[in-house]
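Subject: Structure for you to look through

Dear colleague,

Here is the structure we talked about, and I would be glad if you could look through it with the notes below beside you.

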Amino acid sequence: MAVFLIDYENESGSVLEGISLLGLKRNDEIIFFYSKNAAHLTMDLHKELESMQVKKIYVEVEAGRKNALDFQLVSYLGACIKEQPGRKYYIVSKDGGFNCVCRFWAKRKVDVKRIDSLCYYIKD
């Protein structure tokens, strides 16, 4: 069971290329963090997402300050880990600042990885 937290503001649609080819299942989740600065999907991407059986959550975050989305994504991640610490978590963003979050959770034996794009996801 994997949870993908998407920094949609950072990369918009490029992080989602080939998403339907990953073979994600009903018990996997994709959580999109977006702001008014990045709130659009192409029709092709919309159709691809709708064809998938994976659970999708859309979280509109408050924008306006540097790293505002990042702080909200990390807070949400912490809440998810509290509820389900045994899941695998992936932060999908090219923002290397999330690497310290991954190290923080690794020291606590929670599986959190940052990947640049979903095309880098390899099922375990």
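Lys113 counts as partly exposed, with a relative accessibility of 37%, and in this predicted model its side chain forms a salt bridge with Asp111, where the closest N and O atoms are 2.7 Å apart. Asp111 is itself partly exposed, its relative accessible area being 26%. A further salt bridge joins the side chains of Lys88 and Asp111, at 3.8 Å from N to O. Since Lys88 belongs to strand β4 and Asp111 to the loop between α4 and β5 (112–115), this pair ties together parts that are 23 residues apart in sequence. Lys88 is also partly exposed, with a relative accessible area of 29%, and Lys88, Asp111 and Lys113 are thus linked in a network of salt bridges.

The structure holds four salt bridges, and another of them is between the side chains of Arg87 and Glu29, with 2.9 Å from N to O. Arg87 sits in the loop between α3 and β4, while Glu29 sits in strand β2, so the pair ties together parts that lie 58 residues apart in sequence. Both Arg87 and Glu29 are buried; for Glu29 the relative accessibility is 13%, which is under the 20% below which a residue counts as buried. What else does Glu29 touch, if residues up to four places away in sequence are not counted? Besides Arg87, the residues are Ala2, Val3, Phe4, Val54, Lys55 and Ile57. As a general point, side chains of opposite charge can pair when their charged atoms come close.

The strands named so far belong to an open sheet of five, with the order β3-β2-β1-β4-β5 and parallel pairing. The edges are taken by β3 (55–60) and β5, each of which has a single partner strand, so that one side of each is left without a neighbour in the sheet. From one strand to the next, the twist averages 20 degrees. Within the sheet, β1 and β2 pair in the parallel sense over five bridges, and Ile6 stands opposite Phe32 in β2. The helix α4 lies across β4 and β5, and runs at about 160 degrees to β5.

Which residues does Leu5 contact, leaving aside its neighbours within four places in sequence? The contacts of Leu5 are with Ile31, Phe33, Leu73, Tyr76, Leu77, Tyr89, Tyr90, Ile91 and Val92. In soluble globular proteins generally, nonpolar side chains tend to be buried together.

Key. Residues are numbered from 1 along each chain as its sequence is written. This is a predicted model: local features need pLDDT of at least 70, side-chain atom pairs count only at pLDDT 80 or more; totals for chains, interfaces and linings use all residues. Side-chain values use heavy atoms; hydrogens and water are left out. Contact means heavy atoms within 4.5 Å. Helices (H or I, at least four residues) and strands (E, at least two) are DSSP runs, numbered from the N terminus. Buried means under 20% relative accessible area, exposed over 50%, partly exposed in between (1.4 Å probe, protein chains only). Two strands pair if DSSP finds at least two bridges between them. Axes are lines fitted to C-alpha atoms, for helices over the stretch in contact, and angles run from 0 to 180 degrees between N-to-C directions.
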